[in-house]
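Welcome, and please have the viewer open beside the sequence.

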Amino acid sequence: MAIQGNDKHGYYVVVWKKFYNKTQALGCSYQIYDLNGRQIAFGLINSSGLETTITLPDLKSAVYILRITKNNEVLNNFKLMKY
C-alpha cells in the first residue's frame, strides 16, 4: 500500500501495490486524525479499482495521520503533511 498526492492542495490517493488484490482491499476503510487524536475524516477503500482518492482541501496546514483498517484491525498508518 502506498500514498501518492499533492500535499499543497490536500489531494491524496491510497494505492494498493501489485501484491494486493481486490479481495484484500474489500472491507477496508480509512480514518484521518489530527495530532490531538481527533478524527476529522473517514471513508471506505475502493476495492474495485484498488485506488481511493481522498480530497481534503479545507484542512489547515498541519500534520495528519491516515489510518487504514479492516475489521477493526489497523493495517497501516501514514503521516500526511498538508502545507
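**A walk across the sheet**

Strands β3 and β4 run antiparallel and are joined by 5 bridges. Strands here are DSSP runs of E with at least two residues, numbered from the N terminus as helices are (H or I, at least four residues), and two strands pair if DSSP finds at least two bridges between them. Before going further, please note that this is a predicted model, in which local features need pLDDT of at least 70, side-chain atom pairs count only at pLDDT 80 or more, and totals for chains, interfaces and linings use all residues. Residues are numbered from 1 along each chain as its sequence is written, and side-chain values use heavy atoms, with hydrogens and water left out.

Between β3 and β4 lie 4 residues, and the two strands form a hairpin. In its turn, glycine 37 has a positive phi of about 90°. Across this pair, glutamine 31 stands opposite phenylalanine 42 in β4. Glutamine 31 also has a bridge partner in β6, namely arginine 67. Strands β3 and β6 are joined by 7 bridges and run antiparallel; here cysteine 28 has lysine 70 of β6 as its bridge partner.

Now stay with β3 and look at its side chains. Cys28, Tyr30, Ile32 and Asp34 point one way, while Ser29, Gln31 and Tyr33 point the other way, and all are buried. Buried means under 20% relative accessible area, with exposed being over 50% and partly exposed in between (1.4 Å probe, protein chains only). Why is β3 largely enclosed by the rest of the structure? Because 7 of the 7 residues in this strand, residues 28-34, are buried.

Moving on from β6 (residues 62-70), we find 9 bridges to β7, and this pair runs antiparallel. Valine 63 stands opposite methionine 81 in β7, and threonine 69 stands opposite valine 74 in β7. These two strands form a hairpin with 2 residues between them, and asparagine 71 in that turn has a positive phi of about 50°.

Put together, this gives an open sheet of 4 strands in the order β4-β3-β6-β7, with antiparallel pairing. Its edge strands are β4 (39-44) and β7 (73-82), each of which pairs on one side only. From one strand to the next, the twist averages 20°, where axes are lines fitted to C-alpha atoms (for helices over the stretch in contact) and angles run from 0 to 180 degrees between N-to-C directions.
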